Amino acid sequence: RKMMMMITKLARWRGRLTRLAPRPKASMMAALTRHGRPLTLAGSVGGMKQPQQQQMVVGMMMKQHKSTLATEAMNENIMVESMRRTPITKAIWQQRQDQMAALLEVQRQSRRRVQQDGAETVEYAPVEKRTADDSYCEFTFRFSTDANLRAQYVNHYGHLRLALVLEDLDALAGIISYTHATPSAKVAANLPPRPLTIVTASVDRIELLSRLNAERDLRLQGCVTWVGKSSMEVRCEIRRADGTKERGAEDEFDEVVLVAYFVMVARDSITGRSAEVNRLVATTEQQRQWYREGEQNNARRRAERAMALSVEPPTREEAATIHQLFLERQAIRLANKGRNSLIDPKPDSNRPKRDYVLMRDTRMSSCIVCHPQEMNVHRKIFGGFLMRQAFELGWAASHLFARVKPEFVALDDISFLAPVEIGSILNLVAKITFADIETNRVQVAVRAEVIEPL
């Protein structure tokens with residue numbers, strides 16, 4: 001009620017009376033105006049209607065509030081304990097901060113010396129050759145004995161929340177890539193390391209091989225398996241404890257239950273340009289196989305980017321498929337004309353049965369305000385947090401579509417097109433894009449966009 005009164009007073013102050021609708025039950029967004037035309041509050045049980053690029057009545061106040069509080073939060077030293085992260089992600093970030101602590105002073109000095117015209121340069125540590133073992137990292141979930149840890153990861157079905165595990169995987173991929181890109185102690189003793197910012201460019205593939213059990217210990221592990229000039233492919237695994245072997249044994253975690261591939265990109269923290277990272281040398285047959293697969297994955301990603309709809313029009317085969325789907329839908333619409341399409345035809349009828357759901361009817365959305373507690377060590381919104389929000393929205397859309405509890409099978413890819421700033425308003429939209437009746441599988445796509453209120 002106070003918020004609605006405040007909006008009304010501000011609207012009168014600006015000479016624009018905004019008519020307010022009753023408060024919706026599920027969601028609410030502030031009254032908006034554009035060029036003096038009022039818009040009312042909108043809400044729905046399925047999710048919030050997507051606001052367009054309208055001007056907010058209280059926009060100037062919100063912008064000022066955002067700039068002061070968010071800036072103060074960012075200027076403070078990042079305290080891992082204050083972040084809304086899982087215990088494993090906090091432990092990973094703490095280890096990463098310990099690694100970066102010795103480099104911060106060198107980076108500050110380098111930043112002061114380097115000028116935009118390049119007249120004064122700093123000699124950094126050269127590129128080295130590293131192995132996959134040099135970047136190997138692992139972290140363990142002791143769910144079998146730590147009830148508090150288990151309680152933070154379990155969902156309402158008694159299983160592990162896979163979305164939280166995705167956060168941990170993203171944090172793990174980050175520290176692995178930083179470990180690979182950091183020069184060795186011998187080299188760093190003579191030359192300062194280049195200040196790097198490593199971000200997640202994409203998640204290439206995630207496959208769940210077995211359901212994650214909340215009663216069994218798990219281990220997250222991974223290493224760099226392929227390196228380009230400034231990009232790295234990181235393979236992350238989740239292994240499950242056997243349960244019958246002694247804790248701490250070398251083969252305690254022998255069952256692989258999840259495999260994920262992350263593509264990380266290094267940028268120069270000063271110039272913002274791509275930065276070269278250490279080379280990778282394969283020393284075992286397994287590492288050589290991973291490297292060959294990384295080369296193939298990189299070639300595939302390049303080909304997919306070259307054939308994207310934003311670059312190339314649909315091919316002849318794709319156009320034919322779209323046209324065939326159009327004809328099939330037209331035939332069903334003509335057959336169902338003049339009757340309730342939700343009622344199946346009689347058994348002796350020759351009319352085709354309506355066995356489809358319009359894609360637009362599966363749409364589900366959510367709106368998130370990105371607070372400083374969700375930032376990463378680079379003071380941007382943590383990519384793992386975005387992955388968790390997108391995953392759980394996609395799960396909910398699949399649940400409502402199938403009317404039964406869905407089981408996660410695999411994730412094709414996640415692409416991070418731009419960093420999300422603190423204070424951004426993020427709109428996520430999930431939609432079912434494919435359903436197979438024979439295999440009982442559905443595919444859901446989730447898109448996240450930053451909405452600019454002004």
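Glu 304 and Arg 300 both sit in helix 7, which covers residues 285-306, and they are 4 residues apart, about one turn of the helix. In this predicted model, the two side chains form a salt bridge whose closest N and O atoms are 3.4 Å apart. Because its relative accessibility is 48%, Glu 304 counts as partly exposed, and Arg 300, at 33%, counts as partly exposed too.

By the rule applied here, the count comes to 22 salt bridges. One of them joins Glu 392 and Arg 161, with 2.5 Å from N to O. Since Glu 392 lies in helix 9 (residues 383-402) and Arg 161 in the loop between helix 4 (147-153) and helix 5, the pair ties together parts that are 231 residues apart in sequence. Another salt bridge links Glu 407 with Lys 405, where the closest N and O atoms are 2.6 Å apart. Salt bridges that share partners also join Asp 204, Glu 233, Arg 300, Arg 301 and Glu 304 into one network.

Because 20 of its 20 residues are buried, helix 5 is largely enclosed by the rest of the structure. Ser 177 has its place in this helix and is buried, with a relative accessible area of 0%.

The largest nonpolar core has 65 residues, and those with the most contacts inside it are Leu 169, Leu 172, Ile 238 and Phe 262. Helix 5 provides the largest share of this core, 13 residues.

Conventions. Residues numbered from 1 in each chain as written. Predicted model: local features only at pLDDT ≥ 70, side-chain atom pairs only at ≥ 80, totals over all residues. Heavy atoms only, no water. Buried < 20%, exposed > 50% of the residue type's maximum accessible area, 1.4 Å probe, protein only. Helix = DSSP H or I, 4+ residues; strand = E, 2+ residues; numbered from the N terminus. Core = buried A, V, L, I, M, F, W, Y, C linked by side-chain atoms within 4.5 Å. Salt bridge = Lys/Arg side-chain N within 4 Å of Asp/Glu carboxyl O.
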